[in-house]
Amino acid sequence: MIRWTTTGVHPASSIMRARVLLALDTSAGEPDPKEVIAARLGVSGETLRLVAKRFAESGGDVLATISRKKRDLPPVPSPVTGEVEARLIALACSQPPAGHARWSLRLLEKHVKLTEDIPNLDHSTIGRVLKKRNCVLI
């Protein structure tokens, strides 16, 4: 683990957690007080507590403690599915409503809210979908 902290090929957060573990190691004797360790490493006391807690939860696995946890699922599934994209692109490629020369993102947003089979999307999401598919509003 010392090599992990001295080579510059690892993420900074992993190096910081490895240094915290080394400072909290009790196999070499009694560690310094947590306030001293926090000041010496430039981290907060909360960081020390969280790294120690994660070390205990991982069953003493150092690599699991210092590595970044993988996320299981995105926190919120995207409302934009392939079908929603297709309907949105079809709407953007259709004729604009009477009184408008072209579709704007805000005008598309208003019409999406009126359409029942498309979830409500804001203009920035609509813009991202159209940009991803190289659709240009002219």
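Student: What is the relative accessible area of Pro-79?
Tutor: Pro-79 counts as partly exposed, a class lying between buried (under 20% relative accessible area) and exposed (over 50%), with a 1.4 Å probe and protein chains only. The model is predicted, so local features need pLDDT of at least 70 and side-chain atom pairs count only at pLDDT 80 or more, while totals for chains, interfaces and linings use all residues. Residues are numbered from 1 along each chain as its sequence is written, and side-chain values use heavy atoms, with hydrogens and water left out. For Pro-79 the relative accessible area comes to 45%.

Student: Which residues does Pro-79 contact, leaving aside its neighbours within four places in sequence?
Tutor: Pro-79 sits in the loop between helix H5 (62-66) and helix H6 (82-93), where helices are DSSP runs (H or I, at least four residues), as strands are (E, at least two), numbered from the N terminus. With contact taken as heavy atoms within 4.5 Å, and those neighbours left aside, the partners of Pro-79 are Val-84, Pro-119 and Leu-121.

Student: How many disulfides are there?
Tutor: A disulfide is a covalent bond between the sulfur atoms of two cysteines, and it is counted here when a pair of cysteine sulfur atoms lies within 2.5 Å. The closest cysteine sulfur to that of Cys-93 is in Cys-135, at 5.2 Å, which is too far for a bond. Cys-93 is exposed at 63%, whereas Cys-135 is partly exposed at 25%. By the distance rule, the number of disulfides is zero.

Student: Which residue forms a salt bridge with Glu-85?
Tutor: A salt bridge requires a side-chain nitrogen of Lys or Arg within 4 Å of a carboxyl oxygen of Asp or Glu, and in this pair the closest N and O atoms are 2.8 Å apart. The pair links distant parts of the chain, since Glu-85 is in helix H6 and its partner lies 48 residues away in the segment after helix H8 (123-132).

Student: What is the N to O distance in the salt bridge of Glu-109 and Lys-113?
Tutor: Glu-109 and Lys-113 are four residues apart in helix H7 (residues 105-114), and therefore about one helical turn separates them. Glu-109 counts as buried, with 14% relative accessibility. The side chains of Glu-109 and Lys-113 meet with an N to O distance of 3.9 Å.
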